[in-house]
Amino acid sequence: MLEIAPLEIGTKTLQVGVGFATHQDAIWAAVRATAMARAGLQGSSAEMVLLVTAGVPSQDTMPMIRSVLGPVGVAGGATAAILTHNGAVGSGALVVCLANGDGAVSGVAASSGRDLADAAQGAARLILAGWPFRMRYPRGLGLAFCRPGVGAPAESFLSTPAVYGASQGEPIVSAACLEAPYSTGLGYAEGFEAGSMPDRPALIQGTVEATRAAVKRLDGDAARLVLVVESDARHRALGSAAGDEWTAIKNEVDARVPCVGWLCQSVAAYGRGVRPADAHGSLVVVALGDAPRR
């Protein structure tokens, strides 16, 4: 079992709790990770939860998590491996809990549909309908998890077929959105041609630059959470150097900031400084920041 300590820097409007537990039983791991993440909220109630499992996926994790946190929205899915402070782990559960400050809204949804576009639009409508208000100029963070084989490769976020969330039909998309005056940053590391032998130091340098870009785009706010979403192909190409890449990422992030992530079949991002790209072996770094109350 591993535990990731919460960040404690002054008084913040956003609370982040992160927990990870490794175990072959996905339900046991999810419940244990949820308890750790809840402790990191320091008494605040979770308003949005991200759940990523590795190993044998299980849809039964949802009611178990809600038995710990209450009727909270949960989004996420299953993947080949979770990235923790000890590197890639092939069995276990990662839970990220967010507790919003004043003026923030969040929503999660899982939806089915004829195709990926239809399912994505359905998830967006469900999220927006459930929010009591929307800011005039939306800003924040959105994460979408997608079953493979239902869209273009860059849109297939996870490598195994499970996505988490409530849906009347078989869910294709699981999405979570946070809209608030929190600062967000994205960094993107380009991939390489399939079948080629990429230079490992160059891959690591690209990852470092992506991490720096994500943190820099917080515009001076302290990072509260850093998520790394890496393609399976990149991780395989790094081989024994994968640990060096993870060390390089952590060197760019304050040691008190939770830095976790997961592997996926393909990854894409859109936001400030990042445009959608379908690239074999790419990587995305997401940073979420918040300033102290004045």
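Helices here are DSSP runs of H or I with at least four residues, strands are runs of E with at least two, and both are numbered from the N terminus. Keep that in mind as you click along.

This is a predicted model, in which local features need pLDDT of at least 70 and side-chain atom pairs count only at pLDDT 80 or more, while totals for chains, interfaces and linings use all residues. Residues are numbered from 1 along each chain as its sequence is written, and side-chain values use heavy atoms, with hydrogens and water left out.

**Whole chain.** Colour by secondary structure: the protein chain has six helices and 14 strands. Of its 294 residues, 54% count as buried (under 20% relative accessible area; exposed is over 50%, partly exposed in between, with a 1.4 Å probe and protein chains only). Take the contacts (heavy atoms within 4.5 Å) between residues at least 6 apart in sequence: 82% of them join residues at least 24 apart.

**Select 26-40 and 61-69.** These are helices α1 and α2, whose axes come within 9 Å and cross at roughly 25°. Therefore α1 is roughly parallel to α2. The axes are lines fitted to C-alpha atoms over the stretch in contact, and angles run from 0 to 180 degrees between N-to-C directions; under 35 degrees counts as roughly parallel, over 145 as roughly antiparallel, 65 to 115 as roughly perpendicular and the rest as oblique.

Now show side chains. On the α1 side you will find Ala26, Ile27, Ala30, Val31, Thr34, Ala35 and Arg38, meeting Thr61, Met64, Ile65, Val68 and Leu69 of α2. This contact between α1 and α2 is made up of nine nonpolar residues, two polar and one charged.

**Next, Gln42.** Move on to the loop between α1 and β2 (48-54), where Gln42 sits. Its phi is near 55°, a positive value in a residue other than glycine. Gln42 is partly exposed, at 45% relative accessible area.

**Then Asp219.** Look in the loop between α4 (200-216) and β12 (222-231) for Asp219. Here too is a non-glycine residue with positive phi, about 55°. With a relative accessible area of 55%, Asp219 is exposed.

**Last stop, Ser282.** Ser282 counts as buried because its relative accessibility is 1%. A polar atom of the Ser282 side chain lies 3.3 Å from the backbone oxygen of Ala279. Beyond neighbours within four places in sequence, Ser282 has contacts that include Tyr188, Glu190, Glu230, Arg234 and Val267.

Methods. Ala, Val, Leu, Ile, Met, Phe, Trp, Tyr, Cys and Pro count as nonpolar, Asp, Glu, Lys and Arg as charged, and the others, Gly among them, as polar. A polar contact is a pair of N or O atoms within 3.5 Å; within protein, one must be able to donate a hydrogen and the other to accept it, and residues adjacent in sequence count only if both atoms are side-chain atoms.
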